[in-house]
Amino acid sequence: GSSRKLCSSLLISSQTAVMKTLVQEESIPVPKGIKISVKSKIVEVSGKHGTLKRDFKHLPIELYLANSGHEVRAKMYFAKSKQLS
């Protein structure tokens, strides 16, 4: 009876609610021999195999180098779980 009704209402409310994280911060260590530059949400990574460039302007993210260039820090605001990954 009532426990079944409560269980079904909890199931419905958990499916419709989308949890957002206010601020998520990650720090990524930079391996030796890799050069990284971050300029206005554009990250450029250079190594012995070539150069990669990635644009993050479409995301609410703050990217910066820390620990004298040995670490990249990323702060993401109001992120959904899919964006955090």
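Student: Does Glu71 count as buried or exposed, and what is the relative accessibility behind that label? What value decides it?

Tutor: The model here is a predicted one, and the label is computed from its atoms. A residue is called buried when its relative accessible area is under 20%. Glu71 falls under that limit, so Glu71 counts as buried, with a relative accessibility of 14%.

Student: Which strand holds Glu71, and which residues does Glu71 touch when those up to four places away in sequence are not counted?

Tutor: Glu71 is found in strand E6, which covers residues 71-79. Once residues up to four places away in sequence are set aside, the residues that Glu71 touches are Ser27, Ile28, Pro29, Val30, Tyr64, Leu65 and Ala66.

Student: With which residue does Arg73 form a salt bridge?

Tutor: Side chains of opposite charge can pair when their charged atoms come close. The structure holds 1 salt bridge, and in the salt bridge of Arg73 the closest N and O atoms are 2.8 Å apart. The two side chains also make a polar contact, listed at 2.8 Å between Glu71 and Arg73. The partner of Arg73 in the salt bridge is therefore a residue whose carboxyl oxygen lies within 4 Å of a side-chain nitrogen, namely Glu71.

Student: Is Arg73 buried, partly exposed or exposed?

Tutor: Buried means under 20% relative accessible area and exposed means over 50%, with partly exposed in between. The relative accessible area of Arg73 is 29%, so the label for Arg73 is partly exposed.

Student: How many helices and strands are there in the protein chain, and what pattern do they follow along the sequence?

Tutor: The protein chain has 2 helices and 6 strands. Read along the sequence, these elements follow the pattern α-β-β-β-β-β-β-α.

Student: How many bridges join strand E2 to strand E3?

Tutor: Strand E2 covers residues 35-39 and strand E3 covers residues 42-47, and the two run antiparallel. Among the facing residues, Ser37 stands opposite Glu44, while Val38 has Val43 as its bridge partner. In the hairpin of these strands, with 2 residues between them, Ser40 takes a positive phi near 45 degrees. The number of bridges that join E2 to E3 is 5.

Student: How many bridges join E3 to E4?

Tutor: Strand E4 covers residues 50-55 and runs antiparallel to E3. A hairpin of 2 residues leads from E3 to E4, and Gly47 has Gly50 as its bridge partner. The number of bridges that join E3 to E4 is 6.

Student: What share of the contacts with a separation of 6 or more comes from residues 24 or more positions apart?

Tutor: For the protein chain as a whole, buried residues make up 15% of the 85 residues, and the accessible surface comes to about 7,100 Å², of which 58% belongs to carbon and sulfur atoms. Among contacts with a separation of 6 or more, the share from residues 24 or more positions apart is 41%.

How values were computed. Residues numbered from 1 in each chain as written. Predicted model: local features only at pLDDT ≥ 70, side-chain atom pairs only at ≥ 80, totals over all residues. Heavy atoms only, no water. Pairing = 2+ DSSP bridges. Helix = DSSP H or I, 4+ residues; strand = E, 2+ residues; numbered from the N terminus. Buried < 20%, exposed > 50% of the residue type's maximum accessible area, 1.4 Å probe, protein only. Contact = heavy atoms within 4.5 Å. Areas by Shrake-Rupley, 256 points an atom, 1.4 Å probe, with all protein chains shown as cover. Polar contact = N/O pair within 3.5 Å; in protein donor to acceptor, adjacent residues only side chain to side chain.
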